[in-house]
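Keep the picture open while you read and try to find each piece as it comes up.

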Amino acid sequence: MRQSDLVIHTELENGHPVCIRTIREDDADRMRVGIGRMSPQSRYLRFFSGASTPPSWVIERLTTVDGHDHIAWGAIDSSGDEDAAIGAVHAFRQKDDEDSAEFSVGVLDDYHGLGLGKLLTATILLDAQAEGLNDFSVNILSDNRSARDFTRSLGGNYLGLQDGVMEYELVISEAIARLRAECDPPGMAKVFRAFDRI
């Protein structure tokens with residue numbers, strides 16, 4: 001089995017069931033609706049823009065996934081019939097450094113603080129490591145305190161500030177070790193077990 005074939009059924013800190021799987025081109029409408037459900041503040045912190053409807057080229061870029069140069073996973077609320085997209089995580093391999101990728105994660109406001117960002121991050125870290133990546137470059141708006149704190153908790157090294165954007169380097173093996181040791185939320189164990197079986 002390949003990483004891209006994995007479908008991980010797990011749960012958030014409050015027991016809410018979620019499904020994590022790779023993003024596909026036919027997820028374009030689901031992603032567009034999900035981004036529209038984010039608050040303007042969350043869209044601004046994630047996309048550096050508060051626009052409620054992203055341009056088509058943005059959706060195309062986010063859903064064109066090859067599992068090597070662009071690794072992407074999405075989370076779906078599996079508690080009902082909607083299969084609504086509730087979060088996504090992306091890693092775009094750097095053209096000038098094959099061992100590094102630009103990393104980002106976004107979660108719908110209703111699911112903040114429930115560990116979904118951690119579950120998605122663990123998933124893409126494990127996939128990225130299997131694809132030969134060593135580190136992530138993380139760009140965070142300076143006023144996004146929660147993203148800064150999360151990145152530092154994973155061992156992120158601060159590299160500098162430019163035009164209000166802070167850059168961190170995240171060593172993938174160290175971040176995985178920290179998440180594995182913490183194993184929080186409890187649903188994290190299912191993410192690690194899924195990759196350990198490959």
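Strand 1 and strand 2, which covers residues 17–22, pair in the antiparallel sense over five bridges. Within this pair, T10 stands opposite V18 of strand 2. Keep in mind that this is a predicted model.

Now look at the wider picture. Eight strands form an open sheet in the order 1-2-3-4-5-6-8-7, with mixed pairing. Its edge strands are strand 1 (7–11) and strand 7 (157–162), and each of them pairs on one side only. On average, neighbouring strands of this sheet are turned by 25° against each other, direction ignored.

Strand 2 pairs with strand 3 in the antiparallel sense, and R21 has G74 in strand 3 as its bridge partner. Strand 3 also runs antiparallel to strand 4, where G87 stands opposite A75.

| Strand pair | Sense | Bridges |
|---|---|---|
| Strand 1 and strand 2 | antiparallel | five bridges |
| Strand 2 and strand 3 | antiparallel | five bridges |
| Strand 3 and strand 4 | antiparallel | seven bridges |

How many residues of strand 3 are buried? Eight of the eight are, so strand 3 is largely enclosed by the rest of the structure. In a regular strand, the side chains alternate between the two faces of the sheet. You can follow this in strand 3: H70, A72, G74 and I76 point one way, while I71, W73, A75 and D77 point the other way, and all are buried.

Helices cover parts of the sheet too. Helix 4 (residues 116–130) lies across strand 1, strand 2, strand 3 (70–77), strand 4 (85–94), strand 5 (97–107) and strand 6 (135–141). Its direction is at about 150° to strand 3. Helix 7 (residues 188–196) lies across strand 1 and strand 3, and runs at about 160° to strand 1.

Finally, zoom in on one residue, H70, which is found in strand 3. Is H70 buried or exposed? Its relative accessibility is 4%, and because buried means under 20%, H70 counts as buried. Which residues does H70 touch, leaving aside its neighbours within four places in sequence? H70 is in contact with R61, L62, T64, V65, H90, A91 and F92. As for I59, 11 residues apart from H70 along the chain, the C-alpha atoms of the two are separated by 14 Å.

How values were computed. Residues are numbered from 1 along each chain as its sequence is written. This is a predicted model: local features need pLDDT of at least 70, side-chain atom pairs count only at pLDDT 80 or more; totals for chains, interfaces and linings use all residues. Side-chain values use heavy atoms; hydrogens and water are left out. Two strands pair if DSSP finds at least two bridges between them. Helices (H or I, at least four residues) and strands (E, at least two) are DSSP runs, numbered from the N terminus. Axes are lines fitted to C-alpha atoms, for helices over the stretch in contact, and angles run from 0 to 180 degrees between N-to-C directions. Contact means heavy atoms within 4.5 Å. Buried means under 20% relative accessible area, exposed over 50%, partly exposed in between (1.4 Å probe, protein chains only).
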